[in-house]
Amino acid sequence: MEFAENILQLTAQWSILLFEAIAAVILILASVSAAINYFTHKPHTVLTFARKLNVVLSFKLAAEIMRLTVTRTFSEIAIVGCIIVIHGAISFLIHWEIKREEESRAADANYHDLEDDINL
């Protein structure tokens with residue numbers, strides 16, 4: 001039984017490291033890409049960056065859930081639970097920002113279409 005528990009703990013620890021490393025790599029690449037897109041004035045930079053941040057948060061949340069499998073005390077569970085709630089709130093805000101940006105883009109497109117119709 002102790003052997004199985006050690007295997008589970010080792011697997012969870014390596015999974016946590018893997019998920020956090022993936023999140024860090026995506027975050028670094030997304031930040032560099034967003035900076036380049038911003039300075040070259042490419043459209044939809046904020047929207048693209050927000051989507052990539054959402055992927056980063058998904059990997060971080062996976063790491064926190066995996067961390068929950070190897071916690072031993074109630075205080076550790078409470079801390080991980082708070083982190084999961086914070087991740088959820090940030091993810092909600094990012095989804096809200098993406099939706100707001102898409103609606104703004106659609107409104108701008110409709111405005112330009114209407115303006116073109118008036119000029120004809």
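The accessible surface of the chain comes to about 8800 Å², and 70% of it belongs to carbon and sulfur atoms (Shrake-Rupley method, 1.4 Å probe). This is a predicted model, in which local features need pLDDT of at least 70, side-chain atom pairs count only at pLDDT 80 or more, and totals for chains, interfaces and linings use all residues. Residues are numbered from 1 along each chain as its sequence is written, and side-chain values use heavy atoms, with hydrogens and water left out.

**Overall build**
- The chain has three helices and zero strands (DSSP runs of H or I, at least four residues, and of E, at least two).
- From the N terminus on, the order of elements is α-α-α.
- The chain is more spread out than a compact globule, because its radius of gyration of 21 Å is well over the 14 Å given by the globule rule for 120 residues (taken over C-alpha atoms; the rule is 2.2 Å times the number of residues to the power 0.38).
- Along the principal axes, the C-alpha atoms fill a box of roughly 80 × 25 × 20 Å.

**Burial and core**
- Of the 120 residues, 18% are buried (under 20% relative accessible area, 1.4 Å probe, protein chains only).
- The largest nonpolar core consists of five residues: Leu47, Ala50, Leu57, Ile94 and Ile98 (buried Ala, Val, Leu, Ile, Met, Phe, Trp, Tyr and Cys residues joined through side-chain atoms within 4.5 Å).
- Helix H2 (45-68) and helix H3 (74-119) each supply at least two residues of this core, and H2 gives the most, with three.

**Contacts**
- Beyond its neighbours within four places in sequence, Leu57 is in contact with His87, Ile90, Ser91 and Ile94 (heavy atoms within 4.5 Å).

Methods. Buried means under 20% relative accessible area, exposed over 50%, partly exposed in between (1.4 Å probe, protein chains only).
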